[in-house]
Amino acid sequence: MAGNVNVCAQGQTISVTGSVKDQTGLSIIGATIVEKGSVTNGTITDIDGNYHIKVPENATITVSFIGFSTQEVPVTGKSVINFTLAEETTNLDELIVVGYGVQKKSDVTGAVTRVSAEDIVAMPVKDAVQAMQGKTAGVDITSNQRPGETGSITIRGIRSLNASQSPLYVVDGMVVQSGGIDNINPNDIESIDILKDASATAVYGSRGANGVVLVTTKKGKTGEVSFNYSGSVTIEKMYDVTEMMDAAEWLDYARLAKYNMGSYASATPSYTADLATWGSVGASFANIEKGWVNGAWDASKVGNYNWGDHGKRTAVSTEHTISASGGTEKFKGYGSFGYLRQEGTQPDQLYQRYTAKTNFEVSPTNWFKFGTTMNLSYGEQDYGYSFTKSSTGPGDYYSALKSMLPWTVPYDENGDYIRNPAAGDVNIINPIKELDYNTNNRQSLRATGSFYSQLDFGNMWKPLDGLSYRIQFGPEFKYYRLGVFNAAEGINGDGNNAAKYNTNNTRAYTLDNLLYYNKTFSNLHKVGLTAMQSFSKYHYENGDMKATDVASTSELWYNLASGGDAYSLGTGLSEKQMESYMLRGNYTYNDKYMLTASMRWDGASQLAAGNKWASFPSLALGWRIDQEDFMNNASWIDGLKARFGYGITGNAAIKAYDTKGGVASLYYNWGTTSSELGYVASDPSVKYPPKMANTDLSWEKTGQYNVGIDYVLFNGRLSGSVDTYKTKTTDLLMIMSIPSLTGYTSTWANIGETKGSGIDLQINTVNIKSNDFSWETSISWSKDQSEISKLNNGKTEDLNNAWFIGEDIGVYYDYVYDGIWKTSEAAEAAVYGRKPGQIKVKDLNNDGAIDANEDRQIVGNKRPDWSGGMTNTFRYKNFDLSFFIYSRWGNTFRSGKETLDGRFTMRKIDYWVAGVNEDAEYYSPGSNGEAADTYASSMNYQDGSFVKMRNISLGYNFTPKQLKKLGISKLKVYAQCMNPFTIYSKCDYLDTDLSGYNNNTTSTGSSTTLKSFVFGLNLGF
């Protein structure tokens, strides 16, 4: 018999029995049978696929099983009900969110990819952008390891040379103007739909050039109130990827460097030379002295101090979300509250986020409804230490500690702090106390919402069936505060208490009026029309305050007026508006042939009069080949649809007021005793003169063709999509040089062009499926290429920006590394002004000389050749196991250049030693004095390809039978491992999946990596 019988107390109950089978007649074991609307009355089928349940005689029974479509059947007094479940085949009736509406998946003609709620929470991600990584073809997302920071996202490559590449975000139908979606709790998201091709994004006109990310948050549903809790604990550790020289290795390297420079007196280790070079700080030199045993050098005895141990910890992060949902036919509501506490693996990094979401919808009649959704978040980030005294330096506390020489120590024999422990070198400052001297705190408050009402005229008057009107208003508010304090005792303060207090706030709104008409005629002609009028406004203001010599360290940035003369104030304001109109028509004939056409008009305030408005058309066609008569015998094809689309999108690509030009300050001397500050339109003699106003500036425009195929084969065992596309972007906004006799040296102009192409591939397979066991695979893969086809002033190249006509956007241009000159090549090296032990670069034109004009070439591309992800999911009875692999392949990033001066810390490298190691990768230390080798930059380009195991997850789903006594409707417990190992990496000394922050710059590659274990549960009542 089945596992559970729960007698209902309300009204008269009857016993219902029956079986659950699939379409082939095979019994389904473990299918869930529940009374609709109840959270406690349920059972599962037994080993023969049979069930037994007691329900009210007027109840409805719901049957569900993974991989099959859910069925509902009213009991209406029946005592025997048998079910035959159909396998899910990617659900062609699934509703997909498109611009300003929804469509059945079978009717969609554009390139749209969906990330479901299940996919979003499959891993314990901190924001929704992380959840999309590797799950969506054509979407490239990078990672960031600092708590509270997010990676970047690009959709189908790069188009513009100067404008932002970030996509447009739309949340619950409202355009987001004040940032991304990192403020939304991933547990509150129902789905994310990504519009990739121009035929789909053109309805957003000037905002859709970089793709559109449509986020639908959870809403209340009809039925009893449900209460859910989701919680997890993450234990995370940081591990070194870069292996640094230990003290003995560093001393060998440094002695050679200083010997080559003439500042170390011996070609072999010498105690006298060591003492003279590094002996001025006795506490540190004691570690070197340990290597001198009875006057002989023993490298194994040298002491090492582990600076890094002070800069890392085992981080414990927690996340909790509670939510409630329910409603009736007239009222539905959803509410949630979330808390995230993300500890960094460095002791000074912490991020906390509080989120709240409310949603309700009221339908007092069948022709009117009103609703609202609000997403609130408050985040506070202890950013951690970052060296800001100059433009170069470590970006975090751990990196600062690891930059200390391994034989130095932080304290002397009396426990006193040593500021310069490396022989008094003033540029090697002990950072051990920097956590006490630096505070960097960031706070953000953000609210986004949607208020809407809708009239269904067809339910008011039958002749208007299919006609409806919707008005929606989306307000946004964002407040950000940055407080930085650097105490005088610290490295950044450097003798002065320095403080900074920056604030900014953004207020924006969008108001949309939408008219819809959807009607089916004669069961053959399906017509959909949408008309839209929209107005949006954006307001940004900021204030910056800085002071040095602040009186008290305890007051941080809250008493800047106590500072000395070095006190600065700055404020700013920026406003812009946009008005838009849009018409779209959808037509489907006999569920076979589909047509979508749209036109949008945008007017942007930041462009000059006469050029503010532009139009953005699109056209898309779809053909459901599987519905044709000639496909009747192709029983192995469940669904096959071909798509073609073309559209034009735009980008204003210029800041507010830039079309008006600027002014330059100029001091004018009156006689010999006084001068006054004035302003002129431009001063060509200054370094960065204002640009001349250009009232002809217009929109950047991108046209894109897309051809795609959606398929479902072998009874749903194989499904997916293939898309290929081409893009062309014209009227790129670029800086154009003009004769200085005009009083200006440059102006903005619409003069550049780029083009691109690519392919997106999505594959889903059901490899094995039985009653107890299933194995499913999902693969996403994409490749894109973008190249420059026109530059300013008729140029074919712009070396300063590494722009070349006919080449990719974002390339590196430099000398080509060709090894190290050997002793046997001394004569040949001399021809090029080089000597053995120095870097050899290729003489590309074979003229016997190396020069920057003729001997440099493109040495790499910042964009990957391709990126992709693969998820495998195994289910056995109530257990599920999955693993997710992510890869980016073929991108080049800057790293590898080293200054081998024997002064600072050094990673383990293979360097040149005369007669000993002349096949080395790196040049001889000190061969160019304290400076890097002349051609060291040629070694600064690495292959960033990697394949990483991103996540392994094991979960257990409790059955209704196991939970019935607790009054719980669902319970899942799981354990996961995040980033457990790297399968392959071309670069062996950095984690190229992560970004690093050093020298006040974010770049690809991190010297450390993070691994974590996650334990969590999902609970429903």
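**Close-up views of a predicted model**

**View 1. Cys987 and Cys977 are two buried cysteines.** Cys987 is buried, its relative accessible area being 4%. (Buried means under 20% relative accessible area, exposed over 50% and partly exposed in between, with a 1.4 Å probe and protein chains only.) Cys977 also counts as buried, at 15% relative accessibility. A disulfide is a covalent bond between the sulfur atoms of two cysteines. Here a disulfide is taken as a pair of cysteine sulfur atoms within 2.5 Å, and by this rule the count is zero disulfides.

This is a predicted model, in which local features need pLDDT of at least 70 and side-chain atom pairs count only at pLDDT 80 or more, while totals for chains, interfaces and linings use all residues. Residues are numbered from 1 along each chain as its sequence is written, and side-chain values use heavy atoms, with hydrogens and water left out.

**View 2. Helices H4 and H5 cross at roughly 85°.** Helix H4 covers residues 247-261 and helix H5 residues 271-278, and their axes come within 12 Å. (Helices are DSSP runs of H or I with at least four residues, strands are runs of E with at least two, and both are numbered from the N terminus; axes are lines fitted to C-alpha atoms, for helices over the stretch in contact, with angles from 0 to 180 degrees between N-to-C directions.) H4 is therefore roughly perpendicular to H5. (Angles of 65 to 115 degrees count as roughly perpendicular, under 35 as roughly parallel, over 145 as roughly antiparallel and the rest as oblique.) On the H4 side, Trp250, Leu251, Ala254, Arg255 and Lys258 meet Asp274, Thr277 and Trp278 of H5. (Contact means heavy atoms within 4.5 Å.) By class, this contact of H4 with H5 holds four nonpolar, one polar and three charged residues. (Ala, Val, Leu, Ile, Met, Phe, Trp, Tyr, Cys and Pro count as nonpolar, Asp, Glu, Lys and Arg as charged, and the others, Gly among them, as polar.)

**View 3. Thr873 lies in strand S44.** The strand covers residues 866-876. Thr873 is buried, with 17% relative accessible area. Leaving out residues up to four places away in sequence, Thr873 touches Ser774, Trp775, Glu776, Leu881 and Ser882. Phe883 is 10 residues from Thr873 along the chain, and their C-alpha atoms are separated by 6.8 Å.

**Setting of the views. The chain has 11 helices and 53 strands.** Of its 1021 residues, 50% are buried.
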